[in-house]
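Q: I have a new model open and want to learn to read its features one by one. Can we go through it together?

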Amino acid sequence: MTGHHTVTSAAYDADVAEIYDLLYAGRGKDFAAEADAVARVVRERRPQARSVLDVACGTGEHLRRLAAVFPEVAGLELSPAMCAVAQAKLPSGAVHVGDMRSFALGREFDAVCILTGTIGYAGDVDELSATVRTMAAHLVPGGVLVIDPWWSPDTFLDGHVAHDVVHDDTRTVVRVSHSARQGPAARHEAHYVVADGGIRHFSHVQMLTLFTREDYLDALRSAGCTAEHLTDAGGLPGRGLFAGVRR
């Protein structure tokens with residue numbers, strides 16, 4: 001087995017980017033159903049919507065499905081490795097490297113979304129507000145912002161352990177993870193063993209903030225948006241969605 005290395009960062013490096021799609025496919029994540037749920041929320045509030053920006057888009061699995069619904073799509077991703085994977089799936093749109101808290105693309109969209117709980121990478125309520133303001137600034141008046149939240153203090157399972165074993169024709173990947181409460185945040189540590197001609201082991205540590213329902217609603221309002229918590233959005237993994245329309 002090759003040597004182990006650990007990355008402590010909100011951004012995934014090339015090791016995780018390479019196996020990300022395989023892991024989520026093996027875990028049964030339904031990107032299409034989630035993208036459809038986002039599209040429904042947007043269309044209900046802005047039927048004429050044509051453009052959407054997916055913030056923290058990862059490898060672009062939601063993005064490429066949103067491209068089947070909206071004529072114009074774009075992505076933003078902090079990890080250059082993940083960004084490159086996403087861009088390869090989106091020949092007709094741009095995927096930008098950028099930080100969700102402070103990006104500036106110089107244009108507006110009918111809708112902006114941030115999915116898979118990645119809003120939790122905001123370090124505190126000030127960073128949450130900055131992130132929501134930045135996203136709202138990229139909306140046209142009447143545009144829709146959709147947030148798929150991370151777990152809250154009430155729903156987070158302290159000490160949760162998860163495991164996955166997935167494979168394709170050339171690789172087998174084992175992933176084990178542990179999440180533990182640290183003050184207002186969760187420390188999430190995941191270890192990966194990849195067998196693909198050799199065996200390598202690496203790990204990734206992330207901190208994700210456990211924001212409350214009111215934290216999200218307040219951030220939307222302070223960004224000049226309406227604020228809704230949709231507890232039955234359909235297609236999303238049990239946390240509901242937050243939605244706002246830019247005034």
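**Reading the model**

A: The scale runs from buried (under 20% relative accessible area) through partly exposed to exposed (over 50%), with a 1.4 Å probe and protein chains only. This is a predicted model, where local features need pLDDT of at least 70, side-chain atom pairs count only at pLDDT 80 or more, and totals for chains, interfaces and linings use all residues. Residues are numbered from 1 along each chain as its sequence is written, and side-chain values use heavy atoms, leaving out hydrogens and water.

Q: Which residue meets the side chain of Arg187 in a salt bridge?
A: The general idea first. Side chains of opposite charge can pair when their charged atoms come close. The criterion is a side-chain nitrogen of Lys or Arg within 4 Å of a carboxyl oxygen of Asp or Glu. Here the partner of Arg187 is Glu189, at 2.7 Å from N to O. Glu189 is partly exposed, at 23% relative accessible area.

Q: How many salt bridges does a search of the whole structure find?
A: The search finds 22. One of them joins Arg27 and Asp164, with the closest N and O atoms 3.5 Å apart. That pair links distant parts of the chain: Arg27 lies in the loop between helix H1 (14-26) and helix H2 (31-45), and Asp164 in strand E7, 137 residues apart. Arg27 counts as partly exposed at 39% relative accessibility. Asp164 is buried at 13%.

Q: What separates Arg65 and Glu61 along helix H3?
A: About one helical turn, because they are four residues apart in helix H3 (residues 61-66). Arg65 is partly exposed at 24% relative accessible area, whereas Glu61 is buried at 11%. Both belong to a network of salt bridges that also links Asp21, Arg64 and Lys89.

Q: How many aromatic pairs does the search find?
A: Rings of Phe, Tyr and Trp (its six-membered ring) pair if their centres lie within 6.5 Å; planes under 30 degrees apart count as stacked, over 60 as edge-to-face, the rest as tilted. The whole structure has five such pairs. Tyr192 and Phe202 are stacked, 5.0 Å centre to centre with 20 degrees between the planes. Tyr192 sits in strand E9 (residues 185-195) and Phe202 in strand E10 (residues 199-209), ten residues apart. Tyr192 is buried at 2% relative accessibility, and Phe202 is buried at 2%. Elsewhere, ring pairs link Tyr20, Tyr24 and Phe31 into a cluster.

Q: Which ring has the charged end of Arg107 over it?
A: A charge sits over a ring if NZ of Lys or CZ of Arg is within 6 Å of the ring centre and within 35 degrees of the ring normal. For Arg107 the ring is that of Phe109, with the centre 3.9 Å away. Arg239 sits over the ring of Trp151, 4.7 Å from its centre.

Q: How much of the chain counts as buried?
A: Of its 247 residues, 50% do. The C-alpha trace spans about 55 × 40 × 30 Å along its principal axes.

How values were computed: Helices (H or I, at least four residues) and strands (E, at least two) are DSSP runs, numbered from the N terminus.
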